[in-house]
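Have a look at the model first, then read on.

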Amino acid sequence: MALTMLNGLLIKDSSPPVLLHQVSRAPQLDSFNYQSCFMQDVFSHFPEILFIHRTYNPRGKVLYTFLVDGPRVQLEGPLARAVYFAIPAKEDAEGLAQILQVFKKFNPAWERVCTILVDPHFLPLPTLAMEFPTAEVLFSAFHICKFLQGKFYQLSLEQPMERVLLTSLQNTMCSATAGNLRRLYTLLSNCVPPARLPELHSHWLLNDRIWLAHRWRSRAESRRYFQSLEVTTRILSQFFGTTPSEKQGMASLFRYMQQNPGDKASFNLGLSPQNNHSPSDASPDSPKTEQLVEARIQHSLNAICTGPAAQLCLGELAVVQKSMHLIGCGSEKMNIQILEDTHKVQPQPPASCSCYFNQAFHLPCRHILAMLSARRQVLQPDMLPAQWTASCATSLDSILSSTWSETLDKHLAVTLLTEEVGQLLQHCSKEEFERRYSTLRELADSWIGPYEQVQL
């Protein structure tokens, strides 16, 4: 009966689902468990480390997604590592135990699970320990990173300080050595107001057992790992987390998986092709709409900007067209991420962004262009500084049309860093200024020599 009721929602797969258990209270799902033959096969190959992510919908129902993890897993694609979906009747110990028991019943390889990675707010840890008695339960590096990232934004720090914390967090997550973790811990202790510091649970950074499960990755592997999980969790949030109906949310998610079969092909063939489809590709009309919007943005750039400025911005737009951009809206600012660092966009004219490109050139960057694309808007003259508009004569044409040089790139990087340091020094206390000035003094002396004429 359950299979008949959900027949229109499931992935149209050549192999039937391995398990499907559902109790329905129309029109909502009371509980739901799903695993295909392919998903069971993936888990049987890589059962050692299990990653659990929870996604809440507007009604408060939670979708548990189990993914395989660890050094042996080389699958690419947002949902290639997903091996089980479950919605418990209630999010309590009994509901969790039920979905875990169903999972174990159809997956004999569960006895080989050594580590389970969960988010820091996962309360029913005893239930996990009871159902997987030989597995170690740890907080995942990804969830800790997302938790700290969200807290940094909530602190409402000055933009330079916020940028320093976010950059340090990213660098530490990509190279989670004991020294880097200790430095980030010290940075938080010095930069975050003491009254707010307990909210960050910075002691997690000093729990070496958490980071041993992540430290084996190289910097490049860590970056790809976090990007892949970021995309996966955003897809789950877009399809399940925004829909009050669990049935409709799961139908949308399965439809996306059906329209992105490259994940399964990569496992069957032993290959790892990049999956560049965005969640919006699930709609057959959206690619045409996006192409039209992007063409209008290109036209507005060519019409408003000088030639060199248009070329710079079109290069940024090309990155947007080839990447997935994830957008979160706030009251005054929008967070834009293009599978890279998260940056803040100020949409009010003249538009600005916290990224290096916009700060250096004061031109619409890929994040601003992604915002325009998402809003179905085009570039307006008041969003651009006057010196870059086509109607104004500019002395920068010869510079921008010339060959890019490494020296100029270094100069711009140093200039931006100098401005950030200057802003930090202007807004700190006298004691903090003396301490930071002393640090800069020592650094300058070690590079140049202890001369009084060295200007900081």
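Asp 119 is buried, with a relative accessible area of 8%; buried means under 20% relative accessible area, exposed over 50%, and partly exposed in between (1.4 Å probe, protein chains only). Bear in mind that this is a predicted model, where local features need pLDDT of at least 70, side-chain atom pairs count only at pLDDT 80 or more, and totals for chains, interfaces and linings use all residues. Residues are numbered from 1 along each chain as its sequence is written, and side-chain values use heavy atoms, with hydrogens and water left out.

**Salt bridges**

- The structure holds 16 salt bridges, each one a side-chain nitrogen of Lys or Arg within 4 Å of a carboxyl oxygen of Asp or Glu.
- One of them pairs Asp 119 with Arg 54 at 2.9 Å, N to O.
- Arg 54 sits in strand E3 (residues 49–56) and Asp 119 in the loop between strand E6 (115–118) and helix H4 (125–131), so this pair ties together parts that are 65 residues apart in sequence.
- Helices (H or I, at least four residues) and strands (E, at least two) are DSSP runs, numbered from the N terminus.
- Arg 54 is buried too, at 13% relative accessible area.
- Glu 131 and Lys 104 also meet in a salt bridge, at 2.9 Å, N to O.
- That pair links distant parts of the chain, with Glu 131 in helix H4 and Lys 104 in helix H3 (residues 93–106), 27 residues apart.
- Glu 131 counts as buried at 9% relative accessibility, and so does Lys 104 at 15%.
- Glu 162 and Lys 344 are bridged at 3.1 Å, N to O.
- Because Glu 162 is in helix H6 and Lys 344 in strand E10 (residues 342–346), the pair ties together parts that are 182 residues apart in sequence.
- Both ends are buried: Glu 162 has a relative accessible area of 5%, and Lys 344 has 18%.
- Glu 48, Arg 72 and Arg 112 form one network, joined by salt bridges that share partners.

**Positive phi**

- Ser 156, which isn't a glycine, has a positive phi near 55 degrees.
- You'll find Ser 156 in the loop between helix H5 (141–154) and helix H6 (159–174), and it is exposed at 62% relative accessibility.
- His 201 is another non-glycine residue with a positive phi, near 50 degrees.
- His 201 lies in the loop between helix H7 (178–191) and helix H8 (208–212), and it is partly exposed at 31%.

**Glu 432**

- Glu 432 lies in helix H18 (residues 430–447) and counts as buried at 18% relative accessibility.
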